[in-house]
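Please keep the sequence and the model in view while reading.

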Amino acid sequence: MQSYMLVLIQIIAIVHDALASSSLVVPVNKHAAANSLYSTHAYFNYPQYHQQNLLIDLDAPFMWRSSFPHQEMCEACPNPVRCEEFQCTDLRTTFSYESPLCPPPTNNSMDDEYNYCEICPVNVISPVTGECSQVIPTYDQFMFTRSYGGRNIISRNLYVTYPTVGSTPTWTFDPFPSSVVGVMALSSSPYALPAYLRNPVNRIIALCLPSTVSTPGVLFLGNGPYYLNPESNVDITSLLSYTDLLKHPKSFGYFIGVNAIVIKNRSINIPANATTKISTLDPYTKLRTDIYNDVVRRFSRVTKRIPPAKLVAPFGLCFNNSVNGIKVPDIDLVLQDGKKWTISTANSVKQVTEDVACLAVVDNGPTSEHAIVVGTYQFEDNFLLFNLENSTFGFSSSLLHRHTSCSNFNFTISQ
């Protein structure tokens with residue numbers, strides 16, 4: 001009787017977790033390329049039910065993927081968006097990628113040269129090469145197979161959503177990391193994935209990037225709680241600080257207000273009209289030249305006891321650590337509401353050779369559009385939460401100080 005009651009209690013707990021937390025969970029893989037890109041996956045039912053790996057992009061206005069082998073095979077584009085439909089106008093003129101390399105956005109009707117179907121070519125920019133190409137928007141079907149019940153993955157039940165997705169031939173993704181054949185748009189655009197999340201899954205993205213290529217990190221779609229091993233009883237949301245997400249007129253990405261950068265009690269003020277963007281495509285934080293020079297100068301002073309080393313591009317301050325591992329002062333991003341996002345040694349100094357480590361920030365030029373672009377190295381093994389329901393951003397600082405990491409999620413399905 002006691003064992004029966006124990007099983008019943010466990011079942012009730014699992015059901016309670018499932019009702020209290022409706023999330024999807026997907027592994028996040030780091031790729032070994034120099035620009036350290038990250039991918040996740042979804043399942044599609046065309047051309048047959050299969051998994052495809054997609055590059056994570058917090059800025060992309062819509063998703064696009066390989067779905068047919070040759071550009072001329074328009075018959076392989078099921079459910080294309082027609083030129084007369086409002087989605088075509090939206091994607092071409094409002095939600096298209098903006099770049100001087102692309103043709104000016106228009107809404108002229110166009111038939112493909114083989115007259116198989118009416119199509120609506122839309123501009124996209126490769127996040128790998130920066131080159132412009134075109135995709136054919138279609139009404140697609142995304143499927144996710146892991147439901148998260150708060151503490152464990154509780155099922156392989158399918159969650160299906162039907163976004164508008166750009167289709168393009170396989171060769172478009174030749175420069176991408178191996179096996180990656182698409183772009184997973186996680187921006188605030190109405191054509192990015194979060195806009196297609198429906199009850200019980202909320203428009204909340206929780207992203208935890210791994211610092212290693214050998215073990216995946218984790219992406220949650222939907223509300224918490226979220227747990228990582230070994231402290232599987234600690235809800236990660238309890239470790240987060242929150243600030244407001246800011247809107248930018250030319251981007252669907254995510255922006256926060258940074259008032260100052262503090263290094264060992266010395267503050268570097270950031271102009272009030274400066275913008276700070278969070279990027280999954282930039283490997284290191286990029287700073288406008290005036291801010292960059294101040295940061296490097298200050299960091300050089302507080303690390304003057306560490307022997308310098310010859311510079312390694314693209315960095316402007318490097319250290320010799322042939323004897324001992326480097327420990328440097330924290331870098332605090334002081335946000336608009338007084339909260340601090342602390343960047344510790346694991347996220348501020350990059351080991352570039354066996355004997356040389358460098359301050360992992362780069363000069364973005366004197367006229368860069370954004371004063372600060374927070375790159376992925378600075379938030380590996382940090383837990384970031386983008387809540388599109390209430391326009392807030394949650395951040396943990398390094399999880400390593402909590403004796404865990406983004407690679408410590410248990411992807412085993414609970415029976």
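**Cavities, pockets and the chain around them**

The lining of the second largest cavity divides into four nonpolar, two polar and three charged residues. In this classification Ala, Val, Leu, Ile, Met, Phe, Trp, Tyr, Cys and Pro count as nonpolar, Asp, Glu, Lys and Arg as charged, and the others, Gly among them, as polar. The residues in question are Lys30, Ser36, Tyr38, Pro283, Tyr284, Lys350, Thr376, Tyr377 and Glu380. The volume of the second largest cavity is about 50 Å³.

The model is predicted: local features need pLDDT of at least 70, side-chain atom pairs count only at pLDDT 80 or more, and totals for chains, interfaces and linings use all residues. Residues are numbered from 1 along each chain as its sequence is written, and side-chain values use heavy atoms, with hydrogens and water left out.

Cavities and pockets are found on a 1 Å grid over the protein atoms alone: a cavity is a set of points where a 1.4 Å probe fits but cannot get out, a pocket is an open set with protein on both sides within 12 Å along at least five of seven lines, and lining residues have an atom within 4 Å of a point. Grid points are joined across faces, edges and corners, and a volume is the space filled by probe spheres set on the points.

The structure holds three cavities of 30 Å³ or more. In the largest cavity there is about 130 Å³ of space. Its lining comprises 13 residues, with Thr285, Ile331, Leu333, Val361 and Gln378 nearest the centre. By class, the lining of the largest cavity has nine nonpolar, four polar and no charged residues. At least two lining residues each come from β23 (285-287), β25 (331-335) and α4 (345-348); here helices (H or I, at least four residues) and strands (E, at least two) are DSSP runs, numbered from the N terminus.

Turning to the open sites, the largest pocket has a volume of about 880 Å³. Of the 33 residues that line the largest pocket, Asp59, Glu98, Ser251, Lys277 and Glu369 lie nearest its centre. The lining of the largest pocket contains 13 nonpolar, 12 polar and eight charged residues, and β19 (251-256) and β22 (276-278) each supply at least two of its residues.

Ser251 belongs to strand β19. Is Ser251 buried or exposed? Ser251 has a relative accessible area of 14% and is therefore buried, where buried means under 20%, exposed over 50% and partly exposed in between (1.4 Å probe, protein chains only). Beyond its neighbours within four places in sequence, Ser251 is in contact (heavy atoms within 4.5 Å) with Asp59 and Lys277. The side chains of Ser251 and Asp59 are joined by a polar contact of 2.6 Å; such a contact is a pair of N or O atoms within 3.5 Å, where within protein one must be able to donate a hydrogen and the other to accept it, and residues adjacent in sequence count only if both atoms are side-chain atoms.

The second largest pocket holds about 280 Å³ of space. It is lined by 14 residues, and Ser188, Leu246, Lys247, Gly253 and Ser391 are the closest to its centre. Strand β19 gives the most to the lining of the second largest pocket, with five residues.

For the chain as a whole, the secondary structure comes to four helices and 32 strands. Of its 415 residues, 55% count as buried.
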